[in-house]
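Here is a short briefing on one structure.

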Amino acid sequence: MDYRSAVLHLLDLDGLDVAVLEDFLNHAESFLDEGHAPFQKLNNLSGLTVVNLFFEGSTRTRTAFEIAAKKLSADVISFDVVSSSVSKGEMLRDTMLTLAASGVDIFVVRHGFSGAVRFIAQRVLPHAGIINAGDGSHAHPTQALLDLLTIRQLKGGFDQLRVVIVGDLLHSRVARSLMHGLQTLEVPEICVCAPLTLLPDGLEERGIQVYQHLPSAVRNADVIIVLRLQKERMQSNLLPSAREYFRNWGLSDEALTGAKADVSVLHPGPINRGQDIASSVADGKHSAILRQVQNGLAVRMAVLDRIGQSVREARS
Ligand code: NCD
């Protein structure tokens, strides 16, 4: 079986074959390697229709998918769907079936409910291309892929790395997908750091090092990924004051001092300056945040392209 044609849905990095994961990274890199105009227009998806269906707000992810699909010459339509007032399960199913009947080939879906995108892929539209652009607190595979690509570029690979994820682990779909990806790529030291109330259970059993004390976590780190406090997902008061949070878990220049001299700092955005990260770090020499944005485009091109290939093959 050619693994390149096997991917019709990208729902999570959990359980994704290492060959498929590396193919996404290599393919993304090939778009960056095109030279001068890093994302020149290509014809790969010409004749296919891509719909960005965002049941939850987003600017950067939606824009990145939209630009990526256009760079590959797909026909692209983007919807922001406000789902709050409707009976959600039913509306989701009907919306998807109607769009598929109208000739949509690939759906890029973001939804506030964990599992909603898998439901679509498995129960509603098993023959369409489906990309998860973030579902609840569950998964955000393309964000994790772009983080992995950024790490690979900056560190030359994944051997011997100490990677630390700091912040709201409990509500973060980015962290969940990223931890799966880092484990698939056999990163030797995967660490997380957060206040106890923002740490999910069961991480140590999976071989992840868990810290509450930031200086201990950051010591000798090669890569630090900072997460936003996802207040919109917090059911109750899980935090001390914002100021106290920053003092203990915010990434400041001082907090960086124990890390390796060439440490790279990533953040999936949106950034809360002065809360999860200091401006001087976000804009400083260790920051890879703008590189992540550029890689985000390349990764979405790679994923759309592979899934487009699979859609075409499934039909032929
Ligand atoms: C992330 C998300 O939506 O999960 N952001 C993003 O993809 N741009 C992280 C976040 O919202 O904190």
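**Helix packing**

Helix α1 passes α11 in a right-handed crossing. The model is predicted. The points below are grouped by topic.

- Two packed helices are described by the angle between their axes and the distance between the axes.
- Here, the axes of α1 (residues 18-32) and α11 (residues 289-315) come within 8 Å. They cross at roughly 115°.
- On the α1 side, the contact is made by Asp23, Phe24, His27, Ala28, Phe31 and Leu32.
- On the α11 side, the contributors are Gln294, Asn295, Ala298, Val299, Met301, Ala302, Val303, Asp305 and Arg306.
- The residues of this α1 and α11 contact divide into 9 nonpolar, 3 polar and 3 charged.

**Nonpolar cores**

- In soluble globular proteins, nonpolar side chains tend to be buried together.
- The largest nonpolar core holds 94 residues. Within this core, Ile165, Ile224 and Leu304 touch the most other members.
- Helix α11 supplies the largest share of this core, with 10 residues.
- A second, separate core has 20 residues, including Leu53, Met91, Leu125 and Ala128.
- Leaving out residues up to four places away in sequence, Ile165 touches Ala175, Leu178, Met179, Leu182, Cys191, Val192, Cys193, Ile225 and Leu227.

**Ser73**

- Ser73 sits in the loop between α2 (60-71) and β3 (75-80).
- Is Ser73 buried or exposed? Ser73 counts as buried because its relative accessibility is 16%, and the cut-off for buried is under 20%.
- The side chains of Ser73 and Asn43 are joined by a polar contact of 3.4 Å.
- Setting aside neighbours within four places in sequence, Ser73 is in contact with Lys41, Leu42, Asn43, Leu45, Ser46 and Gly47.

**Backbone geometry**

- Most residues other than glycine have a negative phi, and most peptide bonds are trans.
- Gln160 is not a glycine, yet its phi is positive, near 60°. Gln160 lies in the loop between α5 (141-155) and β6 (162-166).
- Gln160 counts as exposed because its relative accessibility is 70%, and the cut-off for exposed is over 50%.
- Glu186 also has a positive phi, of about 60°, although it is not a glycine. Glu186 is in the loop between α6 (173-184) and β7 (189-193).
- Glu186 is exposed, with a relative accessible area of 64%.
- The peptide bond from Gly269 to Pro270 is cis, with omega near -10°. Pro270 is placed in the loop between β10 (264-266) and α10 (279-282).

Terms used:
Residues are numbered from 1 along each chain as its sequence is written. This is a predicted model: local features need pLDDT of at least 70, side-chain atom pairs count only at pLDDT 80 or more; totals for chains, interfaces and linings use all residues. Side-chain values use heavy atoms; hydrogens and water are left out. Axes are lines fitted to C-alpha atoms, for helices over the stretch in contact, and angles run from 0 to 180 degrees between N-to-C directions. Helices (H or I, at least four residues) and strands (E, at least two) are DSSP runs, numbered from the N terminus. A crossing is left-handed if the near helix is turned anticlockwise from the far one by less than a right angle, and right-handed if clockwise. Contact means heavy atoms within 4.5 Å. Ala, Val, Leu, Ile, Met, Phe, Trp, Tyr, Cys and Pro count as nonpolar, Asp, Glu, Lys and Arg as charged, and the others, Gly among them, as polar. Buried means under 20% relative accessible area, exposed over 50%, partly exposed in between (1.4 Å probe, protein chains only). A polar contact is a pair of N or O atoms within 3.5 Å; within protein, one must be able to donate a hydrogen and the other to accept it, and residues adjacent in sequence count only if both atoms are side-chain atoms. A nonpolar core is a set of buried Ala, Val, Leu, Ile, Met, Phe, Trp, Tyr and Cys residues joined through side-chain atoms within 4.5 Å.
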